[in-house]
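I opened a new page for this protein chain. Here is what I looked up, in the order I got to it.

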Amino acid sequence: MALGLSVSISAHTAPLSPEAELEAERHPGHGGHSAHVHGVARLQIVLEGSQLDIALLSPAANLVGFEHRPETDDQLAIVALTHRRLSEGEVLFQTEPASCHLAGHSIDLSTIDKHGEEESEEHHNESPSHSSSHREITAQYRFTCAEPDEVRALSTTLMAQFPGIRHLQVQWISGHRQGAATLDNGRTGVILR
């Protein structure tokens with residue numbers, strides 16, 4: 001189900017962790033907030049009225065362990081499991097108080113999906129496991145909140161579900177407030193109010 005979400009936050013991105021900075025140095029030309037850094041994913045959260053929109057952008061390697069089209073039955077199974085886990089928005093994201101419920105979601109695995117678009121001409125002659133292209137997976141979630149003014153915090157199990165995500169750069173807007181934070185296994189939530 002395509003949601004047509006338009007989640008874009010212009011707040012400053014939280015600084016990269018030392019590990020992420022080293023990874024970014026290894027991949028020059030991918031600097032700034034749009035860097036493709038393995039181990040780092042981005043999350044944008046917008047709470048407006050009774051609607052809570054969440055957008056996830058992650059290198060495919062963080063979620064499935066590779067950045068090419070699946071080549072084996074095991075890799076196909078990993079892609080299917082990843083899709084299933086990403087579809088469980090209420091498991092991945094919890095609000096406090098728990099007044100928000102998943103209304104819809106959209107997951108895009110087309111950059112690695114066996115049935116996605118054909119490889120670009122640029123990478124046609126490269127073996128899939130040695131392609132220099134960076135593959136991203138995106139997921140968008142829309143929650144409806146019964147008591148949006150009471151929502152104080154949002155926590156996530158993304159890093160528990162996907163151990164390849166070591167750091168989650170979060171940007172959020174809620175009412176007249178906005179902020180940014182970097183989450184890891186020791187910090188799994190943000191205060192929105």
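**Entry 1: a buried arginine**

I started with R135, which sits in the loop between β4 (100-108) and β5 (136-145). Strands here are DSSP runs of E with at least two residues, helices are runs of H or I with at least four, and both are numbered from the N terminus. I kept in mind that this is a predicted model, where local features need pLDDT of at least 70 and side-chain atom pairs count only at pLDDT 80 or more, while totals for chains, interfaces and linings use all residues. Residues are numbered from 1 along each chain as its sequence is written, and side-chain values use heavy atoms, with hydrogens and water left out.

Is R135 buried or exposed? R135 counts as buried because its relative accessibility is 7%. (Buried means under 20% relative accessible area, exposed over 50%, partly exposed in between, with a 1.4 Å probe and protein chains only.) I also checked where its side chain goes: the side chain of R135 reaches the backbone oxygen of T111 at 2.5 Å.

**Entry 2: the sheet**

Next I followed the strands. Six of them make an open sheet with mixed pairing, in the order β4-β5-β2-β1-β7-β8. At the edges are β4 and β8 (177-183), each pairing on one side only. Two strands pair if DSSP finds at least two bridges between them. Strands of a sheet pair through backbone hydrogen bonds, either parallel or antiparallel.

I zoomed in on one pair: β7 (residues 167-174) and β8 are antiparallel, with seven bridges. There I found V170 opposite A181 in β8.

**Entry 3: the core**

Which residues touch the most other members of the largest nonpolar core? I got L86 and L168, in a core of 37 residues. The largest share of this core, five residues, comes from β5. (A nonpolar core is a set of buried Ala, Val, Leu, Ile, Met, Phe, Trp, Tyr and Cys residues joined through side-chain atoms within 4.5 Å.)

I listed the partners of L86, leaving out residues up to four places away in sequence: L56, L63, L92, I107, L109, I137, Y141 and F162. Contact means heavy atoms within 4.5 Å.

**Entry 4: the whole chain**

Last, I zoomed out. The protein chain has five helices and nine strands, and its elements run α-β-β-α-α-α-β-β-β-β-α-β-β-β from the N terminus on. Of its 193 residues, 42% count as buried. I also noted that, of the contacts in the protein chain with a separation of 6 or more, 71% are between residues 24 or more positions apart.

Technical notes. A polar contact is a pair of N or O atoms within 3.5 Å; within protein, one must be able to donate a hydrogen and the other to accept it, and residues adjacent in sequence count only if both atoms are side-chain atoms.
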